[in-house]
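Please look over the chain shown here before reading the report. The sections that follow are meant to be read alongside the sequence and the coordinates.

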Amino acid sequence: QRQFDAIILLSVVEHFGLGVYRDAAREEDADRQAVKHIGRWLKPGGQLLVTTTFGKPAITHKHRIYDKKRLDEVFPYADFRRKDERYYERRSEHWMESTPEALRNVDSSVLPGHGLVVFDLEKIKNAR
């Protein structure tokens with residue numbers, strides 16, 4: 001199987017398994033399974049860049065809104081080292097740097113969302 005030095009998931013992981021984008025019917029765990037599968041395409045020590053919605057956790061008909069707990073499940077520390085982790089809140093037309101605590105109750109149920117996380121992850125060398 002071919003492996004890559006870097007993979008970018010730009011506003012994509014929150015849509016896996018919701019049955020809206022010609023994927024399988026709604027699957028609660030599809031985001032975690034997709035990241036696990038994508039992780040196999042990444043070389044040990046490879047870079048995974050991710051952006052996804054963040055805030056008050058929910059699942060809408062089109063996307064998920066992540067909180068810290070769910071992110072830790074989807075991007076487990078056993079598989080990925082977090083090189084950088086940044087949070088942003090959309091205010092009017094501008095994105096302002098924020099924190100997970102400040103975004104805890106931010107509603108991102110309508111797209112585009114109001115909370116965002118950007119991850120720079122490194123695949124652990126002995127990860128599955």
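This report on a predicted model goes from the overall fold to one strand, a surface patch and some backbone details.

## Overall fold

The predicted model holds three helices and seven strands, and from the N terminus on these elements follow the order β-α-β-β-β-α-β-β-α-β. The C-alpha trace spans about 45 × 35 × 25 Å along its principal axes.

Among contacts in the chain with a separation of 6 or more, 71% are between residues 24 or more positions apart. Of the 128 residues, 41% count as buried, while the accessible surface comes to about 7500 Å², with 53% of it belonging to carbon and sulfur atoms.

## Strand β7 and its partners

Strand β7, which covers residues 115-123, has eight of its nine residues buried, so this strand is largely enclosed by the rest of the structure. Strand β2 (residues 42-53) runs antiparallel to β7 and is joined to it by seven bridges, and in this pairing L48 stands opposite L121 of β7.

Strand β5 (residues 80-91) is also antiparallel to β7, with nine bridges joining the two strands. Here D84 is the residue that stands opposite D120 in β7.

## A nonpolar surface patch

Which residues form a nonpolar patch on the surface? The patch consists of I8, L10 and L49, which together have about 300 Å² of accessible area. L10 belongs to strand β1 (residues 4-10), and because its relative accessibility is 61%, above the 50% cut-off, L10 counts as exposed.

## Backbone details

Most residues other than glycine have a negative phi, and most peptide bonds are trans. Against that background, the peptide bond from L111 to P112 is cis, with omega near -5°, and P112 is located in the loop between α3 (100-103) and β7.

Two serines have positive phi values: S11, with phi near 50°, and S92, with phi of about 60°. S11 lies in the loop between β1 and α1 (30-41), and its relative accessibility of 38% falls between the 20% and 50% cut-offs, so S11 counts as partly exposed. S92 is found in the loop between β5 and β6 (94-98), and with a relative accessibility of 63% S92 counts as exposed.

Terms used:
Residues numbered from 1 in each chain as written. Predicted model: local features only at pLDDT ≥ 70, side-chain atom pairs only at ≥ 80, totals over all residues. Heavy atoms only, no water. Buried < 20%, exposed > 50% of the residue type's maximum accessible area, 1.4 Å probe, protein only. Helix = DSSP H or I, 4+ residues; strand = E, 2+ residues; numbered from the N terminus. Pairing = 2+ DSSP bridges. Patch = residues over 30% accessible without salt bridge, like charges linked within 9 Å, V, L, I, M, F, W, Y side chains within 5 Å. Areas by Shrake-Rupley, 256 points an atom, 1.4 Å probe, with all protein chains shown as cover. Salt bridge = Lys/Arg side-chain N within 4 Å of Asp/Glu carboxyl O. Contact = heavy atoms within 4.5 Å.
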